[in-house]
Amino acid sequence: MVTVMVSEGSIIEQTCKETPDFNLCVSLLNSDPRGSSADTSGLALILIDKIKGLTTKTLNEINGLYKKRPELKRALDECSRRYKTILNADVPEAIEAISKGVPKFGEDGVIDAGVEASVCEGGFKGKSPLTSLTKSMQKISNVTRAIVRMLL
Amino acid sequence: MSASKLVSVLLLIVLINISNNGVDAFHKIFKKLQSQSTSLDSVSPLHRTAYHFQPPRHWINDPNAPMLYKGIYHLFYQYNPKGAVWGNIVWAHSVSKDLINWEALEPAIYPSKWFDINGTWSGSSTHVPGKGPVILYTGITENQTQIQNYAIPQDLSDPYLKTWIKPDDNPIVKPDHGENGSAFRDPTTAWFNKKDGYWRMLVGSKKKHRGIAYMYKSRDFKKWVKTKRPIHSRKKTGMWECPDFFPVSVTDKKNGLDFSYDGPNAKHVLKVSLDLTRYEYYTLGKYDTKKDRYRPDGNTPDGWDGLRFDYGNFYASKTFFDDKKKRRILWGWANESDTVEDDTLKGWAGVQLIPRTILLDYSGKQLVFWPIEEIESLRGKNVQMTNQKMEMGQRFEVQGITPAQVDVDVTFNVGSLEKAEKFDASFTTKPLELCNLKGSNVTGGVGPFGLITLATSDLEEYTPVFFRVFKDASTNKPKVLMCSDAKPSSLKTDTGSDAKQRMYKPSFAGFVDVDLADGKISLRSLIDHSVVESFGAKGKTVITSRVYPTKAVGEKAHLFVFNNGSQPVTVESLNAWNMQKPLKMNQGAK
């Protein structure tokens, strides 16, 4: 008789299967020590933390670009405003909403993070020095949104 | 900025300096939550409404505890005093004598006790004989649990009910082990059952994917017990927020009924707001007070495809009974569909839509809605159009009024329905998909025809509100689609590759249950800069859209009637009125 062990996958893997980017989702959540014991809300909050980190990183990059690429000042100003909105409005709103059980406002904040990144990218009219960072934001926003949806 | 707007802003600054006693009461109470507070004088006038309920700045959402007390109307609402996104929520409070001019008072309820320290969320008010108005609301505790509390006026002789106290015998209801403590909120107005002497009220909730409205009863409005069964629930609908439960008269076509009415000739309405879809739906049915059960009559879907108060941007609605004029009045909230950065820049987010009366339609199969008559007091200059025939492809401008701030009411006559397209149920029965497939510039048989609002003269930007008539072979009756389409509303867009990340410019649609026997159908739109509220067939189908044109603003906006169907349609009569700004609209609100 042959016994076959079927592994169902961890909670992280099961959750990430329902998002648009399994690999990104798994790598982000596994990189956080809280990931292995978190419930769905907890996983969402971890990803929002990642959004926050990426926002800060992007803002630093924007600041550095003012000197290197002064001709891009206008677009950089726009991006700076957009990313500050993610940091000061979207992220706190999402954290408060998910912690308190109104995930729909969390979804609003997470979606908006992706939108703000898009608008920033669009300001360079195809010649963006921030593409890999804005694309990251869009991807993380999509994955996070899918997880927040599970809370609704 | 035009001269009159400059004056308004200056007046606002003066008023703020007079009324601001400099105390920010919330500094100590709230945790250090980030905020991007806007100073009053930097709120942008672009896209701000002229005659809709809004505070001067910051985020608003659900209308709370609307009521009439000692001849004064009250509206409370969820408000963030610190920024233009949801958060730090308090109950802001405004009063009015006419539902049009609003005076802002101090916030009535905000976190201050253990039972609401993390949030004072939505709720309702009930007139309790012997106690006066009692507010029931959801509080969030230290460990993020949702519980229900009550608050009472400090001074019943104050018609403005400025101060509310939250007694220490709160909460009145906590979630039990069967209930989900993160999905347990929005207590309704209570109704009184004379036969058993109990008050009853509902709390919205869910269990997995089943939306539920739990029911609680009380003799003294202090001790509440859960009833054996929830009043109603429905699988696969998701969380039920903001439930509302009230009777409508089957025979009286002019007046509403009090929440506690239990006489003959009435149906009940159960409405819920759907957390998952961000729209609402209602059913009509019978409330058996002896068995304490509500049963929908089954004529309309009980679920996501159900009838709606409004097929557009309209959420967290709440009704109250206006005892003075014997009306049931509906409040609803519309959020912004631009970006959060736009909201932060402009300094505000969210509006309350114009209050609407609710009655049962003559058919008995649905409700009908109409803006309260008081809104007509804002009407100014009137222009008219009569018997204007529109051939295919024609549009005629409505001139002489300010199209961005107008009330327009038009009756169309389509004549014969012979040319109506066949309604092919095989491709879709969903109105929204139909509207997406066949927009206002896709030609048709009878229709599309209607209004083109907030338009540039060459239609670079425009928001059409229109009808398209189909022939339903199975019933031999017309099937009328009404659509309010924000897709062409604004040149503003972002370049995100993912559709989810572009600026949100949705189409909204609903069917209109009319048989067009005399060829006529009416359309009324209240247009107010970034809001278009449209009432089809005298309120059988209502659709609200939010739009943000970049060019079709202020004096540069235009209003047209149009027809893109092969059947000529006549504008039998059109009336348009400039809408004035109310003298009072929450100036001085914190």
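Strands here are DSSP runs of E with at least two residues, numbered from the N terminus. The structure above is a predicted model, so let's work through it with a few exercises.

**Exercise 1. Which loop holds B:His529, and is B:His529 buried or exposed?**

Solution. 
- Start with the position: B:His529 sits in the loop that links strand 33 (520-528) to strand 34 (531-536) of chain B.
- Next, look at the backbone: phi of B:His529 is positive, about 65°, although B:His529 is not a glycine.
- Finally, check the accessibility. Buried means under 20% relative accessible area, and B:His529 has 15%, so B:His529 counts as buried.

**Exercise 2. Describe the backbone and surroundings of B:Leu161.**

Solution. 
- B:Leu161 is found in the loop between strand 7 (146-153) and strand 8 of chain B.
- Phi of B:Leu161 is near 45°, a positive value in a residue other than glycine.
- With a relative accessible area of 0%, B:Leu161 is buried.

**Exercise 3. Work out the setting of B:Val406.**

Solution. 
- Locate the residue: B:Val406 is part of strand 27 (residues 405-413) of chain B.
- Its relative accessible area is 0%, so B:Val406 is buried.
- List the partners, leaving aside neighbours within four places in sequence: B:Val406 is in contact with residues including B:Tyr51, B:Leu526, B:Leu559 and B:Trp577.

**Exercise 4. How do helix 4 and helix 5 of chain A pack?**

Solution. 
- Recall the description used: two packed helices are described by the angle between their axes and the distance between the axes.
- The axes of helix 4 (residues 73-100) and helix 5 (residues 103-122) of chain A come within 8 Å and cross at roughly 165°.
- Angles over 145 degrees count as roughly antiparallel. Helix 4 and helix 5 of chain A are therefore roughly antiparallel to each other.
- As for handedness, helix 4 of chain A passes helix 5 of chain A in a left-handed crossing.
- By class, the contact of these two helices of chain A has 13 nonpolar, 3 polar and 7 charged residues. Among them are A:Tyr83, A:Ile86 and A:Asp90 in helix 4, and A:Phe105, A:Val110 and A:Glu116 in helix 5.

**Exercise 5. Repeat the analysis for helix 3 and helix 4 of chain A.**

Solution. 
- The axes of helix 3 (residues 40-68) and helix 4 of chain A come within 10 Å and cross at roughly 160°.
- Helix 3 and helix 4 of chain A are therefore roughly antiparallel.
- Helix 3 of chain A passes helix 4 of chain A in a left-handed crossing.
- Their contact has 17 nonpolar, 6 polar and 4 charged residues.

**Exercise 6. What is the helix and strand content over residues 52-371 of chain B?**

Solution. 
- An unreviewed UniProt entry annotates residues 52-371 of chain B as "domain: Glycosyl hydrolase family 32 N-terminal".
- Over residues 52-371, chain B is 2% helix and 48% strand.
- The end C-alpha atoms of residues 52-371 are 12 Å apart.

Technical notes:
Residues numbered from 1 in each chain as written. Chains lettered and ligands numbered in written order. Predicted model: local features only at pLDDT ≥ 70, side-chain atom pairs only at ≥ 80, totals over all residues. Heavy atoms only, no water. Axes fitted to C-alpha atoms, helices over the stretch in contact; angles between N-to-C directions. Helix = DSSP H or I, 4+ residues; strand = E, 2+ residues; numbered from the N terminus. Parallel < 35°, antiparallel > 145°, perpendicular 65-115°, else oblique. Left-handed = near helix turned anticlockwise from the far one by under 90°. Contact = heavy atoms within 4.5 Å. Nonpolar A, V, L, I, M, F, W, Y, C, P; charged D, E, K, R; others polar. UniProt positions renumbered as here; feature names shortened; annotations may be inferred. Buried < 20%, exposed > 50% of the residue type's maximum accessible area, 1.4 Å probe, protein only.
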